[in-house]
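Please examine the sequence and the structure before reading each solution.

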Amino acid sequence: MSEPKTPTTPAGDTYKGWVFKWTNYIKGYQRRWFVLSNGLLSYYRTQAEMGHTCRGTINLATATITVDDACNFVISNGGAQTYHLKASCEVERQRWITALELAKAKAARMQAESDDSGDDFSQPVAPGQGGGSQNSEVQSALRTLGSKVEDLSTCNDLILKHGSALQRSLSELDSLRLTGEAGEKIRQVTERATLFRITSNAMINACRDFLALAQAHSKRWQKALQAEREQRVRLEETLEQLAKQHNHLERAFRGAAQANASSDNKSATGPGKGEASDEDDDNEFFDAMEEAPEFITVPADPQFHKRSSSNASCLNSEMCPDDQSLNEEPLAMNQESSTQELVPLKKRRTRISDKPNYSLNLWSIMKNCIGKELSKIPMPVNFNEPISMLQRLSEDLEYHELLDKASKSHSSLEQMCYVAAFCVSAYSTTVYRTGKPFNPLLGETYELDRRRESGYRSLCEQVSHHPPAAAHHVISDRGWTLRQEITVASKFRGKYISIMPLGTIHAIFEKGNNHYTWKKVTTTVHNIIVGKLWIDQSGEIDVVNHTTGDRCHLKFAPYSYFSRDVARKVTGVVMDKDGKAHYVLSGTWDEKMEFSRVMQSSRGGENGAEGKQKTVYQTLKAREVWRRNPLPEGAETMYYFTALALTLNESEESVAPTDSRRRPDQRLMEDGRWDEANSEKQRLEEKQRIARREREREAVSQRTSSQSEEAVEEDSFSDPTLKSTPYDSYRALWFERCEDGITGEQVHIYKGGYWEAKEQGSWENCPDIF
C-alpha cells in the first residue's frame, strides 16, 4: 500500500516515520519506513518504495497493541501477522502508541458500522423484505447508545467540576481556625458534597443503562465479527493457494522454455520480478541484522531464485530428495522392525520418583573448595542428579536422527550441516540441568542398547580416574559410527563453575567414508553461592571432514547482559576445502538450528570490532534442521530429565555387573533415600581407594623383582602411561589405549567383546567395584 498523493483524511489520521522492526534471529532489528493511514499500518524498506512495493500491512481494527519495555512494542492481529517494533527512544515510542491507539479506535468504530450492516446478511433475509427493518433497528440502537455516551460525558464533566469545588472547600476547612465562620463553611461543604453525590448517582445509573444495552447487542456483534474473520481467513487461504499454483505454473513454464532454448539463452535469462509471496518469505528470514559477530547474510538476488528453479535437478539433489527420504524413514524403520523382530518393543518408563526437598548449607561445603579440582572434592548427593557421567555422555544420542539423516545425504556439504546440528543438539539437555552427575568409578560401564528401536548400540567405560576419563563407542545399523574419549577439567571460582571437556569426538559414515572430528565447548554454571543457578555454553567448535577437507566453524556466543542478540545464540558457516562458503547455520543451542544455502559471498558491509570487513553472504530461504523435543510432563520435579534421560537408569537384568544401573548410591538417590545414598557413596569411594593402593603395591613389587631402577626409568621414558601413573597398572576392560591416526592423541578405542559377552552372559572378567 502506498500513501496517496493528496490524502483526503485529516493530517492527524496519517502518521509516518522510521521504526526498527524485528526480522529474524540472524538479522535482528532493522529500520523500516512505517505509514499509518485509514486504520492500516504499512511498512516499506525505504521511502522510495511507497509508490510501488509494500512489504506488509496490518489492520488495526482487530489488532492488539502491547508494550514490552521503554522502547519496544508489539502489534498483532491474532493471526499470522505480528510486528515486533522498537522506537529510537521512549518519547518516540509513546507518539507511535498514541497514534496507533487513536487509529485503532476510529477503525473499530468504522468496522462496527460495517459489522452491523454485515449482520443483516448473516441471516437468510430476502432483499427488500426484512433488511430494511433490521437496518433501522441497528440505527436506532446506535442512536440510543450514542445518547447514553453523551450522557456519560456530561456526567463526567459535572463530576470533575463538583469534585474540584469539593476539594477546595475541604482544603479551606482544614486551614480554618475555630471561629464563627466555621458553621458557614461546613454548610457549604455539605451542600457541595450533596451535589457531588447526586451527580455520581446519575452517572452510575447512566453507566448501568449503557451496560445493559451493550450486553443486549454484544452477541450479535460478536457473531458478525466472527463471520467476518472466518471469511477473511478463507480468502487468505484461497489467495495463498492461488499464489502457490501461479508460482508452480510459472516455474513449469520457465523450465519447459529453458529446456528448448540453447545454453546461451539460458545464461542470458533476465532476473524477472519474483512473486510477492516468495519474496516476502525470503525477506522475512534474511531481512537485516544489527551487529553480526562475524558475517552478514542478505537475501540472494532474484536471479538466483530463477536459476535455482531452472536448475532444479542440481538443487534437488542437494536438498529435496534427502528430505523426502527422511520423511519416509519412519515407515522404513517400522518395516525393518516388523520383518526382523517379531517380539514387541520394551515399554520404557516415563517417570521416576519426585526430587525430595532437602535443605543444605552450600557455603559450609564450598568455602574450602575455591581453586581446587572439582573431581577431587567429596560432594554429597544433594548436588547430584541420579545419573552418572557415563549416562550423561550417552545423552548425546538424544537426537541420533540427525546422524541418520546425515548418512543418507547425497552431498558431503549438506551432511556437514546435519553433523554440525548434532554437535549443537548435545547441549539442549543442559539448559535446566544444574545437578552434577555422579563421578563414575574406575571400571564402571554403561550400555545403551537401542538397536531394535533406533538402530544403534552404545557403550561407555570409565578408563581413568585421575584425570577422570570416559571412553564412548556407538555403532549404528544406519551407516555411522561415533566414538569419543572425554576428560572433564572443572574449576570452582566462587561465583561460578567452569567445566572444560577435553578430548575429540569422531563420527565416521560408511557412505563416502567421511570422517568428522570436533571438540566440545566450555560449560559454565553461574550463581553457585547466591541466586538461581543457570547454565551457559560458550566457545567455538571446528567440525572437520578429514576425507574431503570440508569445515564448519560454529560459534557459541556467551551470554551478555548488554547484548541485544537472542540468548544462547549459535552461528556457523560450512566451507569446502578451498574456503568457499556453501551453507550458513543459525539458531540457539537450547531450541533449534536452521541452515540456508549460500548463493554468493563478498567482503563488505560494516567493519567488525577489529576494523576488519565482515563477509556478506547472499542466501536462499532457511530450512529447519533440528528442533528440541519438549520435556515430559512434570519434568520440573524429576530433575528436568528428558524422555530419554528418564529411561537411562531403568533396571535391566542382562547388563554387566559394572553397569551404572547397578550402582547402589545412585539407585538410592533416585528412590529419594538421600541419607543412605550419601553413606553408600562414601563406602564406594573408599573401596575404590583401597583397590587403587592394592594395584600400586602390586605394580611396585613386580617391577622391583623383574628389573632395576634404571630399567624402570627407561620404561617410564618410553611409555607415557608409566610416566603419568608410575604405580597404577590399571588397564580398561573393553577399550584399548592407542594412538589416534587422525589427531595423533593417545585415546582408548573399543576393542570388541562386550556385546558377545552379553549374549553369552559371561561376565567373569568384570571387576567388583560396587
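**Exercise 1: Salt bridges of Arg663**

Arg663 and Asp665 are joined by a side-chain salt bridge, with N and O 2.9 Å apart; a salt bridge is a side-chain nitrogen of Lys or Arg within 4 Å of a carboxyl oxygen of Asp or Glu. The model is predicted: local features need pLDDT of at least 70, side-chain atom pairs count only at pLDDT 80 or more, and totals for chains, interfaces and linings use all residues. Residues are numbered from 1 along each chain as its sequence is written, and side-chain values use heavy atoms, with hydrogens and water left out.

Task: state whether Arg663 and Asp665 are buried or exposed, and identify the salt bridge that Arg663 forms with Glu444 by its closest N and O atoms.

Solution. Step 1: Arg663 and Asp665 are both buried, where buried means under 20% relative accessible area, exposed over 50%, and partly exposed in between (1.4 Å probe, protein chains only). Step 2: in the salt bridge between Arg663 and Glu444, the closest N and O atoms are 3.2 Å apart. Step 3: this pair links distant parts of the chain, 219 residues apart, with Arg663 in the loop between helix H15 (643-648) and helix H16 (664-670) and Glu444 in the loop between S10 and strand S11 (445-450). Helices (H or I, at least four residues) and strands (E, at least two) are DSSP runs, numbered from the N terminus. Step 4: Glu444 is buried, as is Arg663.

**Exercise 2: Lys687 and Asp768**

Task: determine which parts of the chain the salt bridge between Lys687 and Asp768 ties together.

Solution. Step 1: the side chains of Lys687 and Asp768 form a salt bridge, 3.4 Å from N to O. Step 2: Lys687 belongs to helix H17 (residues 674-706) and Asp768 to the segment after helix H20 (754-760), so the pair ties together parts 81 residues apart in sequence. Step 3: Lys687 counts as partly exposed because its relative accessibility is 27%, and Asp768 counts as exposed because its value is 62%.

**Exercise 3: The largest nonpolar core**

Task: find which residues of the largest nonpolar core touch the most other members.

Solution. Step 1: a nonpolar core is a set of buried Ala, Val, Leu, Ile, Met, Phe, Trp, Tyr and Cys residues joined through side-chain atoms within 4.5 Å. Step 2: among its 63 residues, Leu482, Trp518, Val543, Leu554 and Phe556 touch the most other members. Step 3: helix H13 (residues 412-425) supplies the largest share of this core, 10 residues.
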